[in-house]
Amino acid sequence: MNKNDLRVIKTRREIENAMIVLLQQKSFEKITVQNILDVALVNRSTFYQHYADKYALLQSISDTCFAAIRTDIDRRFSCNETEMMDIILHLYQSLYENRHTVLVLFQIQNSIFHFQEDLSLYLKEGFASRYNNVVLDATKLDYLATLYAKLVTCSLEWCLQNESITELQTF
């Protein structure tokens, strides 16, 4: 299967969109492959050509979303102070464009998937790495990094739920 083939891209997009729609309606545990097939309008063999199961599908969606976020987070922690707000706003705007996906990924918290927790950990590590020379006390650095990560993920979730990205500019 050629992953650059337009038919493959469209099929994968339909299957992934079906999963997002279903996750907006019910919990991941209650979603079956048949539900996905019905919404995506693909047959079972087509689904299994692309994904091993619904877990692999969700992992693919999560990995794609996290990769896009990670790029902007890395830019945020490597930029100078004058560029920071523009980079942060770009991150929030790009997440806003994919808010339905991000919000459903935030809702899934189990032993296999923990997107929001992973994002928070990545933010914490980025903060600690960036400011480890500024805050010399390891306990204080851990506290500040944890606080930062929780604040960012909480703010992000609120903004996406309330469709209020522009609110960030006024705080």
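Which residues of helix α2 (residues 33–40) are buried?

1. In this predicted model, local features need pLDDT of at least 70 and side-chain atom pairs count only at pLDDT 80 or more, while totals for chains, interfaces and linings use all residues. Residues are numbered from 1 along each chain as its sequence is written, and side-chain values use heavy atoms, with hydrogens and water left out.

2. The secondary structure of the chain comes to 8 helices and 0 strands, where helices (H or I, at least four residues) and strands (E, at least two) are DSSP runs numbered from the N terminus. The C-alpha trace spans about 55 × 35 × 30 Å along its principal axes.

3. In helix α2, the buried residues are V33, N35, I36, L37 and A40, buried meaning under 20% relative accessible area with a 1.4 Å probe and protein chains only. The cover over these buried residues includes α1 (6–25), α3 (44–50) and α4 (54–78). After α2 comes L41, which has a positive phi, near 60 degrees.

4. Over the chain of 171 residues, buried residues make up 43%. Of the contacts (heavy atoms within 4.5 Å) between residues at least 6 apart in sequence, 61% join residues at least 24 apart.

5. The chain exposes about 10100 Å², of which carbon and sulfur atoms supply 53%; accessible areas come from the Shrake-Rupley method with a 1.4 Å probe.

6. The 17 positive and 21 negative charges of the chain have mean positions 5 Å apart, with Lys and Arg counted as positive, Asp and Glu as negative, and His and the chain ends not counted. Each charge is placed at NZ of Lys, CZ of Arg, CG of Asp or CD of Glu.

Terms used
Buried < 20%, exposed > 50% of the residue type's maximum accessible area, 1.4 Å probe, protein only.
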